[in-house]
Amino acid sequence: MSAPAPAVTRHTAPVSPWRPALLRSLPVRISVFVICFLWTIPTLGLLVTSIRNPEQISSTGWWTALLNPFGANQWTLSNYQQVIGSGGMGAAFLNSLIVTIPSTVIPITIAAFAAYAFAWIPFRGRGILFTVVVGLLVVPIQMSLIPILKLYSGASLYGTFVGVWLAHTGFGLPLAIFLLYTFISQLPRDLFESAAIDGATHLQTFIRIVLPLSIPALGAFAIFQFLWVWNDLLVALVILGPSTDLRVMPTALYALLGSRGGQWQLLTAGAFITMLLPLLVFLLLQRAFVRGILAGSVKS
Amino acid sequence: MAVGERTANPPLSRFLLPILGVVALGLCIGGVIILINPHGGQNLLAALYDALGNSSGATDLRNGHGDQLLAKVILAVIAVGVGVGGIWLLYLGVGGMVGMLRPAWRDRILPWVFVGPALVLLATFLVYPGIATVARSLFDGQGHFTLDNYAVMTSPEMVEILRNNVIWLIAATGGSVILGLVIAGLFDRIRREALAKTFIFLPLAISLIGASVIWGFMYAWEPAEQPQIGLLNAIIVAAGGQAIPFFTTSPLNIGAEIVIMVWLQTGFAMVVLSAAIKGVSTEIIEAARLDGANEPQLFFRVIVPSIRGSIVTVTTTIAIATLKIFDIIYVTTGGRFHDDVVANRMFHEMFQFFNDGRAAALASLLFVAVLPVMYLNLRNFRRQQVEA
């Protein structure tokens, strides 16, 4: 019943019902502009600084470069060369891909199968088990760290990619199952009845009917989980450990902070590299991105 | 595709599919073995070089030089193949095998094939560790019951940490929600709404540590005789003031760190609340307007009450994120200037002081703090189940 509502509002969105012509006046527009400007300044400062010459960064504010954009020797890409090479951000980028892609696909797959079973296959204990999943939605990750670390050093999963995948899968599962269940349980019953009449097994129904229809929900969760894993510092610190070989974007940036704390040209370039892929996803898939963010929040 | 083939040509697929399955399974196991080894990528490439007769390249690799990047790319491909392929193989393989059983058995086992992996992972990564953490906080090394780990919470140092968490909870959550609400309401009145919202929303894609670097540069402080390269201190100095070392000045540093969180989370609040505002029915708004409500009244007395549910959702989501705040403190000050919080302290108890009991008690404290939200979630869920 609530499913079609967003589609309807999206079409009527451009003209909001309570927008009087008079109030669309200058003060509102100016304040909107000012807010947007203020919100962007910090990121702009980072971006500008990352392509400035190191000597100039420490002697003048980054805003002075914008006033004199054609000054000699002003801009350089050497900061990026340096952090990607000796700063280790290049290797960390690859490590982040190694960590993030399976840590996104594995929980989605496992959650989709589980959500389908919770929604459409009757079995004993279904209600109580799903209630547990809902309860686990808000359990802080901190509750798991100490026992997982003990478990991992016993199973030689500490400091491995497999270990991080499993951890991110476990931590991401409650939300993934909950979101996909909400979506899959609202698919029309007729679909499943006619599939059963045609003699389709649950596995076939799931792959041929449920998965293709669930792409919006799967995509929304994928973006949410991708961002969370890509930007995660805590799990990487705890499970990948201090090894330089295994640094991912956030831990590599943290290492830069520790070793080159005062060198803003490297910190800004490094920080921008960590933001590159999420920003790209954001700009290319903005609508799905919004859906992912909205979906990730809706718990009531 | 494979399913279609099977119906068209059963004898072939009957042999082909199991063989392919076994091969894929072997590849996955091999891949996992390579991945468990910290130098798996290098060793594999070195072995390849040996086989090709390039022994100097192989030696370089084993000594940590040579084509490290190529080794890393190979590792990445294997990792993605194993992680993504392995999980599908598991389901299709086991699901297919269960499908061959007699119907009575099949129907009994199949649901557990679908939910089993999820339940095992939830039990391993959330349920068991949660119980173990609470237990660890309540028993000492010899297995005797003790409340010592909680008794420490009354020390002045810990009281300060708890106070800081409360400040965070109120200021960061309140700040993000109120700003998000005002911006959503304001932006709803302009023509290029989507474009304007993008600016506020963009920081959501940025990690907490990335945002900390961004704002660390905004707050940058230099001694008085040097030029201020941080924007905020440059403004203060230009206005005739004295530059402030934001991160080391207590209690200002807590506010400076909270600003980072608000900058990130306001976009989230704005997006959710903006969607809710657009869902408020036109009739209610028109009726209020006919009754003579002015625009601020309309916003605060009609629109805000109608989107109460969304406001609660946004508030609890941001509050939970704020409660667990770790990254910002860990990377800006490490909590060394009277700005420590529970999650950061827990990390240091674990890895610096090796005091698992106290770390477990701090984690349990966070857990207790989210219990009301868990209760609300469960109640809402039950209510929906009854309605459905």
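B:H338 lies in the loop between helix 16 (327-332) and helix 17 (342-351) of chain B. Its phi is near 60°, a positive value in a residue other than glycine. Helices (H or I, at least four residues) and strands (E, at least two) are DSSP runs, numbered from the N terminus. Another loop, between helix 11 (231-238) and helix 12 (252-279) of chain B, holds B:P251. A cis peptide bond links B:S250 to B:P251, with omega about 0°.

This is a predicted model, in which local features need pLDDT of at least 70, side-chain atom pairs count only at pLDDT 80 or more, and totals for chains, interfaces and linings use all residues. Residues are numbered from 1 along each chain as its sequence is written, while chains are lettered from A and ligands numbered from 1 in the order in which they are written.

**Chain B**

Chain B has 18 helices and zero strands. Its radius of gyration is 29 Å, well over the 21 Å that the globule rule gives for 388 residues, so chain B is more spread out than a compact globule. (The radius is taken over C-alpha atoms; the rule is 2.2 Å times the number of residues to the power 0.38.) The C-alpha trace of chain B spans about 80 × 60 × 55 Å along its principal axes.

Axes are lines fitted to C-alpha atoms, for helices over the stretch in contact, and angles run from 0 to 180 degrees between N-to-C directions.

| Helix pair | Axis distance | Angle |
|---|---|---|
| Helix 6 (residues 103-138) and helix 18 (residues 356-387) of chain B | 7 Å | about 125° |
| Helix 2 (residues 26-50) of chain A and helix 8 (residues 156-187) of chain B | within 10 Å | roughly 135° |

Helices 6 and 18 of chain B are therefore oblique to each other. Angles under 35 degrees count as roughly parallel, over 145 as roughly antiparallel, 65 to 115 as roughly perpendicular and the rest as oblique. The crossing of helix 6 of chain B with helix 18 of chain B is left-handed (the near helix is turned anticlockwise from the far one by less than a right angle; clockwise is right-handed). Helix 6 of chain B brings B:T133, B:V134, B:R136 and B:S137 against B:D356, B:G357, B:A360, B:A361, B:A363 and B:S364 of helix 18 of chain B. Contact means C-beta atoms, placed from the backbone, within 7 Å. By class, these residues are four nonpolar, four polar and two charged. Ala, Val, Leu, Ile, Met, Phe, Trp, Tyr, Cys and Pro count as nonpolar, Asp, Glu, Lys and Arg as charged, and the others, Gly among them, as polar.

Helix 2 of chain A and helix 8 of chain B also cross left-handed. A:V28, A:S31, A:V32 and A:I35 meet B:I183, B:L186 and B:F187 there.

**The interface**

The contact takes 108 residues from chain A and 97 residues from chain B. Helix 6 (residues 89-120) of chain A gives the largest share of the chain A side, 16 residues. That side has 73 nonpolar, 30 polar and five charged residues.

**Confidence**

The predictor gives the complex an ipTM of 0.87 and a pTM of 0.87. Mean pLDDT (the predictor's confidence in each residue, from 0 to 100) is 84 for chain A, where 88% of residues reach 70 or more. Within chain A, helix 1 (residues 5-12) is lowest, at a mean of 38, and helix 13 (residues 234-240) is highest, at 93. Residues 1-15 of chain A have pLDDT below 50; beyond near neighbours in sequence, this stretch has five contacts in the model. Chain B has a mean pLDDT of 85, with 94% of its residues at 70 or more. Residues 1-9 of chain B fall below 50 and have three contacts beyond near neighbours in sequence.

Technical notes
Contact = placed C-beta atoms within 7 Å.
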